[in-house]
Amino acid sequence: MNKSFFSLHALPQTLLVLALLAATQISVAQQLEYNKGFEEAEAKNWEELEVPPPPAPKTENLQPFYVGPTATQTFAIDTKSLAIGKDGVIRYTLVAVSQGGAKNISYEGIRCATFEKKIYALGREDGTWAPSRRNQWEVIVRSKVNRQHAALAQDYFCSNLTIVGDEKEMLNRMKYRKTLTDELLRE
């Protein structure tokens, strides 16, 4: 057969593919431009509250929560510190204990709307707080190790970038090991 026959026969398909690619590029660019305005407006309108750290946690107020089978530490939230702020930040005191017994205490926040975390202060042995040097919002990493923030956000606090429930409901999910995924599966 003649090569020009194949070229002419394939021409409409090639033009269709090119037209679809061009339309897709234009659509993606328009969507990015459209979203850009909302993201900038949301970022400009959001103001974080200045909240002082709570009192040092007491052992009787600690609520352990499940992080995963690969966790090398145990984690708990101070039930008296858990608070949902008017700025949409869920603040809490986190207590992490290593297998050797070393304890780390931090006052932190999770922002469901952006799936970010922030460490405000670190607990000292005498019950006081030291301001965190990493006092900035960071994206929560969903990994198999060091996933305490991902566990809190996706299992107990947030769904689809939205806060789910109040403080009591969050603590009950931790206490009874009923994650947000479990609740969705029951519906």
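Trainee: How do the residues of the lining of the second largest pocket divide into nonpolar, polar and charged?
Mentor: They divide into six nonpolar, five polar and two charged, where Ala, Val, Leu, Ile, Met, Phe, Trp, Tyr, Cys and Pro count as nonpolar, Asp, Glu, Lys and Arg as charged, and the others, Gly among them, as polar. Keep in mind that this is a predicted model, in which local features need pLDDT of at least 70 and side-chain atom pairs count only at pLDDT 80 or more, while totals for chains, interfaces and linings use all residues. Residues are numbered from 1 along each chain as its sequence is written, and side-chain values use heavy atoms, with hydrogens and water left out.

Trainee: What makes a set of points a pocket, and what makes a residue part of its lining?
Mentor: On a 1 Å grid over the protein atoms alone, a pocket is an open set with protein on both sides within 12 Å along at least five of seven lines, the probe being 1.4 Å, and lining residues have an atom within 4 Å of a point. For the second largest pocket there are 13 such residues, and the closest to its centre are Leu 94, Asn 104, Ser 106, Glu 108 and Gln 148. Strand β5 supplies the largest share of that lining, four residues.

Trainee: How much space lies in the largest pocket?
Mentor: About 290 Å³, a volume being the space filled by probe spheres set on grid points that are joined across faces, edges and corners. Among the 16 residues that line the largest pocket, Lys 103, Ile 105, Gly 123, Arg 124 and Glu 125 are the closest to its centre.

Trainee: Why is the pair Cys 112 and Cys 158 called a disulfide?
Mentor: The rule asks for a pair of cysteine sulfur atoms within 2.5 Å, and these two lie 1.9 Å apart, so the pair qualifies. The torsion about the S-S bond of Cys 112 and Cys 158 is about -70 degrees, so the disulfide is left-handed.

Trainee: How do you know that helix α2 is mostly covered?
Mentor: Buried means under 20% relative accessible area (exposed is over 50%, partly exposed in between, with a 1.4 Å probe and protein chains only), and nine of the 10 residues of α2, residues 148–157, are buried. Among them are Gln 148, Leu 152 and Phe 157. The helix itself is a DSSP run (H or I, at least four residues; strands are E, at least two), numbered from the N terminus. Both Cys 112 and Cys 158 are buried as well.
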